[in-house]
Amino acid sequence: MDKTINVTPTTTFGDIKKAFHEAFPQLKMEFFNTTHPKGGLTHQSHLLHNDNDTLNQYFKTHTKETTVTWHLKDTVWEVEQKLEQLFNIHAQVFRKMGPTWIATSKTDQWTLEQQTKHSIEAETPIDDKPEIIDYTERD
């Protein structure tokens, strides 16, 4: 599934987060006031807390109206970099693992599809998973 959103100067950080999460329910996006390297994390102290801030309010500059499309085959790093390049906003994608949201920093090279699949598998009770039998001789 692909998701396209229209980003305008009055788009809020919350609007972007909501659109991303609705398209990929096992994933979420947070924004920070500084960037991070590929495979790295941004410290929690840099988290932007006000989801109601518009892009123009935050950057005090004119943001052009643009469409952003996320594809299942996009890697996390591509998603984060697209927002960085278009709007100079620093995103970090998180994956749901049971009751916890974890930063995908070590799996930035995974696609959104892989991230989603991994999250769903982690939530599947062991009894529902197919039994794997190892027929390798060990004697």
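This is a predicted model: local features need pLDDT of at least 70, side-chain atom pairs count only at pLDDT 80 or more; totals for chains, interfaces and linings use all residues.
Strands of a sheet pair through backbone hydrogen bonds, either parallel or antiparallel.

Six bridges link β2 and β4 in the antiparallel sense. Phe31 stands opposite Ala91 in β4. On the other pairing, four bridges join β4 to β5, and the bridge partner of Lys96 in β5 is Trp101. Strand β2 is mostly covered, with five of its six residues buried.

## Helices on the sheet

## The nonpolar core

The largest nonpolar core has 23 residues. Those with the most contacts inside this core are Ile16, Phe20, Met29, Phe31, Trp70, Ile89 and Leu112. At least two core residues are supplied by each of β1 (3-7), α1, β2, β3, α3 and β4. The largest share, five residues, comes from α1.

Trp70 has contacts with several parts of the chain. Leaving aside residues up to four places away in sequence, Trp70 touches Met1, Asp2, Lys3, Ile5, Ile16, Ala19, Phe20, Phe24, Met29, Val79 and Leu112. Ile16, Phe20, Met29 and Leu112 are also named among the core residues with the most contacts.

## Helix α4

Helix α4 covers residues 112-123, twelve residues in total. The distance from its first C-alpha to its last is 17 Å, close to the 16 Å expected at 1.5 Å a residue.

The buried residues of α4 are Leu112, Gln115, Thr116 and Ser119. These residues lie on the same side of α4, because they cover an arc of only 95 degrees around the axis. The elements that cover them include α1 (13-23), β2 (27-32), β3 (66-70), α3 (76-87) and β4 (90-97). Leu112, one of the buried residues of α4, is in the largest nonpolar core and is touched by Trp70.

Conventions. Residues are numbered from 1 along each chain as its sequence is written. Side-chain values use heavy atoms; hydrogens and water are left out. The expected span of a helix is 1.5 Å times one less than its number of residues. Buried means under 20% relative accessible area, exposed over 50%, partly exposed in between (1.4 Å probe, protein chains only). The arc is that of the directions from the helix axis to the C-beta atoms. Contact means heavy atoms within 4.5 Å. A nonpolar core is a set of buried Ala, Val, Leu, Ile, Met, Phe, Trp, Tyr and Cys residues joined through side-chain atoms within 4.5 Å. Two strands pair if DSSP finds at least two bridges between them.
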